[in-house]
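Please look over the structure shown here before reading on.

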Amino acid sequence: AASVASPPAGQLAALIAAAEALAATDTLPGPDRLWAEEEGEALARLLGELLDSLAVLPDQPPTVLPGLLDAALAGSVVRTRRALRGGAAAEHPRVFIWGLIEARLQSADLVVLGGLAEGVWPPATDPGPWLSRPMRARIGLASPEEIIGQAAHDFVAAACAGRSVVLSCPRRRDGAPAVPARWLARLDACLHGQGLALTQHPAAAWARALDLPEGPPRPVAPPRPCPPVALRPRRLSVTEIGTWLVDPYAIHARHILRLRPLKPLDQATEAADYGELVHAAISRFLAEHGTDLPADAPERLRAAMRQALNRLGPRKALLAWWGPRLARIADWVAATEAKRRLEAVPVLIRAEASGRWHLDRPGGAFTLVGRADRIELREDATLAIIDYKTGSVPGRADIAQGRAPQLPLEAAMAEQGAFGADLARPTARLEYWRLTGGFHPGECISLFGNEAAHVAAAASEAALRLGGLIDAYDDPARCYLSRPDPRAVPRFSDYAGLA
């Protein structure tokens, strides 16, 4: 478990053993492959020194090991001379990578001076945290700028060591624009005064050409997959109907091609986990208390939030970040529950209500499934459907134009008995509860003014649009286009790159 502490040296030894086991093949043992060549030798040396150092540390949870490895490996560079092609162990006989000291007495036909950027060559000067420049001069220590003179000497020696010399400076370094070395600026100034300039080497153009296809641009039409009707989905969730409307290609990729996006190996705790634990905590509270609101509702809701958070087991920084926000959400929900019960006490509250609606269409039966965060049966025999959102809420324009049909469709499902016979009633209220836990911890957003007639009309219109959408895609000529309406683009799409 992530909370069990053990010796860091033992953790690293176990990681090394696992890496060796993964590197093994049918013909070669893992160590022979993992520690081969110059890179493997350097890594083995570094990890061996790290194992000795970790022996003095106290027991640590396993979550500490990645940070230790990152710190130990930071800045480690291994420069090899192996050929890029033609045998992994072969060294190119005519290509050499030299350091500054190694290159001082060497000569070659072509010399490439790389990394000619300020801070790299010449290196940045650092007097250190203990002595200022006057202090260093007073006690007879050399000035930090002396290394620039040494670098200038190395630059001249290397620039004169070959018949042809390429001076290379990156445009960007560590994501920021790179400043060319002062020697390049001085060369440009001197040559400009003589009406001359350094010629451009074609290597940069070669690199750009490698990334370009042959011939002129050939525009590719957007995908228009038209699979056989028999392969098209006959069962979708309420949330997928919105995706079907704005990005049909995503439905094609997920349900017909059956492609599932893979999470990264280092997938971090994210906003989706935050939303899930908020839903789980409120659902647990409602399952325990139902329509009865205890006097200590804020404390109970806070406890439910803490339990959900501890069950997720995030890192300590995330606990410190999410904990206060969840507490504010708990207080807001408790206050909102008390206010709602002053207006009218619900007869029944069902949290995380799963529903299934079977529709008979000309092209065949279609099933709409969904899970409502909360359905209330009111005293007037109507329903209130509430959806919790920890992120953004659909815009009113999208809801009015049918591009965000989740809540109206849930109202239509409820009236048809999809959530059970006891909830087969018309819906009078549709609400989003936006739960952020920020400065304004929560907000209740009512749709259609909570007018029963307007809500009923919206549910009926959503059901009609769903039937028309199903019938449209039962036409063999209807294609699953990617984002057919540029005005309606989904905020997130797992298949945009594929499309």
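## Basis and secondary structure

How many helices and strands are there in the protein? The protein has 16 helices and ten strands, where helices (H or I, at least four residues) and strands (E, at least two) are DSSP runs numbered from the N terminus.

This is a predicted model, in which local features need pLDDT of at least 70 and side-chain atom pairs count only at pLDDT 80 or more, while totals for chains, interfaces and linings use all residues. Residues are numbered from 1 along each chain as its sequence is written, and side-chain values use heavy atoms, with hydrogens and water left out.

## Overall dimensions and packing

The radius of gyration of the protein is 33 Å, whereas a compact globule of 499 residues would have one near 23 Å; the radius is taken over C-alpha atoms, and the globule rule is 2.2 Å times the number of residues to the power 0.38. Along the principal axes of the protein, the C-alpha trace spans about 95 × 60 × 60 Å.

Of the 499 residues, 32% are buried, a term that means under 20% relative accessible area, with exposed meaning over 50% and partly exposed in between (1.4 Å probe, protein chains only). Among contacts with a separation of 6 or more, 69% are between residues 24 or more positions apart, a contact being heavy atoms within 4.5 Å.

## Charges

The protein carries 56 positive and 56 negative side chains, and the centres of these two sets lie 4 Å apart. Lys and Arg count as positive and Asp and Glu as negative, while His and the chain ends are not counted; the place of a charge is taken as NZ of Lys, CZ of Arg, CG of Asp or CD of Glu.

## The disulfide

The structure holds one disulfide, defined as a pair of cysteine sulfur atoms within 2.5 Å. The disulfide joins Cys226 to Cys479, with an S to S distance of 2.0 Å, and because the torsion about the S-S bond is about -55 degrees, this disulfide is left-handed. The two cysteines are 253 residues apart and link distant parts of the chain, with Cys226 in the loop between α8 (203–210) and β5 (235–237) and Cys479 in the segment after α16 (452–473).

Cys226 counts as partly exposed because its relative accessibility is 36%, whereas Cys479, at 9%, counts as buried.

Cys160 is in no disulfide, and the nearest cysteine sulfur, that of Cys190, is 14 Å away; with 63% relative accessibility, Cys160 counts as exposed. Cys169 is likewise in no disulfide, the nearest cysteine sulfur being that of Cys190 at 18 Å, and Cys169 is partly exposed, with a relative accessible area of 25%.
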